[in-house]
Amino acid sequence: MEKTLFFDGIEYSADDMITYLGIITTDGVVKGKAGGLAVSVSGSTVTVASGYAFLSGRLYTSDTSVTLSLASATTTRTDAVVLKLDLPTKSLTPVVKQNTSVAGSGELLLATIAVSSSGAVVTDKRTYAALSLDYSSTRIDRDIVDIPAGSHDVGDTLYTYSIPYAGFTVIKVRVVYNAGENNSSPWGDVEIYPDGTCSAYATSLGQYAPRYTGNGIMIFSGPTQSSDDFRIKFEKIQNTIVITVVEMPQASIPALRFEFNCIK
């Protein structure tokens, strides 16, 4: 059957809208809106922040946080927080699934929670919705993050970037040194691939050479690669890119800017 959408004066069904949204959007959280459906835990209470998400052509909206119960731990386990599509009740609802770290059919994974007798630790698992009008075209998700100057310890996480596309081709990160100052300049560029391998190359300044460390990559703060240089590492961990401090001989790190470009 042929059908054309949408015109004034014609009544359309929910199925028409579901088909339309399913064609032009991918499943995921709407990025940068309200609380972004971020998950947190305190004691036995799980909180899902306000936000929006698309799943199977349906739109979930919540202008307030939703609280869920976390079962106490008799043994160490992992639970999943998902947005669940329930066709009989015609609803999308956040739920906690015990003893699993994955989403099933009709579910959108928001976070996993490692539960033990000593407490609970949340890992963000959100993926973000995107327009998908042309599946053959390149889609780019851009995100700019400023890290203020300050002192850090080895092992500190400077930033965790949530990968917005499950099927991305490459994530390119431009690192800007002394960000925000008159003399700010590109430090270098890092490329991260779906299998976790990385590459890096210096800018036209001809300095800041990278050093490889397994599937992650470590880059230096200066051209001398001396003991006075601080070092940071980029590493793909599941659906995130984690940037950590590897060495910190200096009193502080200058302001940095990470310009993420996730290309699908």
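Arg-126 forms a salt bridge with Asp-124, with 2.9 Å between the closest N and O atoms. A salt bridge here is a side-chain nitrogen of Lys or Arg within 4 Å of a carboxyl oxygen of Asp or Glu, and by this rule the count comes to 9 salt bridges. This is a predicted model, in which local features need pLDDT of at least 70, side-chain atom pairs count only at pLDDT 80 or more, and totals for chains, interfaces and linings use all residues. Residues are numbered from 1 along each chain as its sequence is written, and side-chain values use heavy atoms, leaving out hydrogens and water.

**Arg-126 and Asp-124**
- Arg-126 is buried (under 20% relative accessible area; exposed is over 50%, partly exposed in between; 1.4 Å probe, protein chains only), with a relative accessibility of 13%.
- Asp-124 is partly exposed, at 25%.

**Asp-146 and Arg-257**
- The closest N and O atoms of the salt bridge between Asp-146 and Arg-257 are 2.6 Å apart.
- Asp-146 belongs to strand S11 (residues 140-147) and Arg-257 to strand S20 (residues 256-263), so the pair ties together parts 111 residues apart in sequence.
- Strands (E, at least two residues) are DSSP runs, numbered from the N terminus.
- Asp-146 is partly exposed at 45%, and Arg-257 is partly exposed at 26%.

**Lys-172 and Glu-191**
- Lys-172 forms a salt bridge with Glu-191, the closest N and O atoms lying 3.9 Å apart.
- This pair links distant parts of the chain, 19 residues apart: Lys-172 is in strand S13 (residues 170-177) and Glu-191 in strand S14 (residues 185-192).
- Lys-172 is partly exposed at 35%, whereas Glu-191 is buried at 12%.

**A network**
- Salt bridges link Lys-84, Lys-97 and Glu-107 in a network.

Notes. Helix = DSSP H or I, 4+ residues; strand = E, 2+ residues; numbered from the N terminus.
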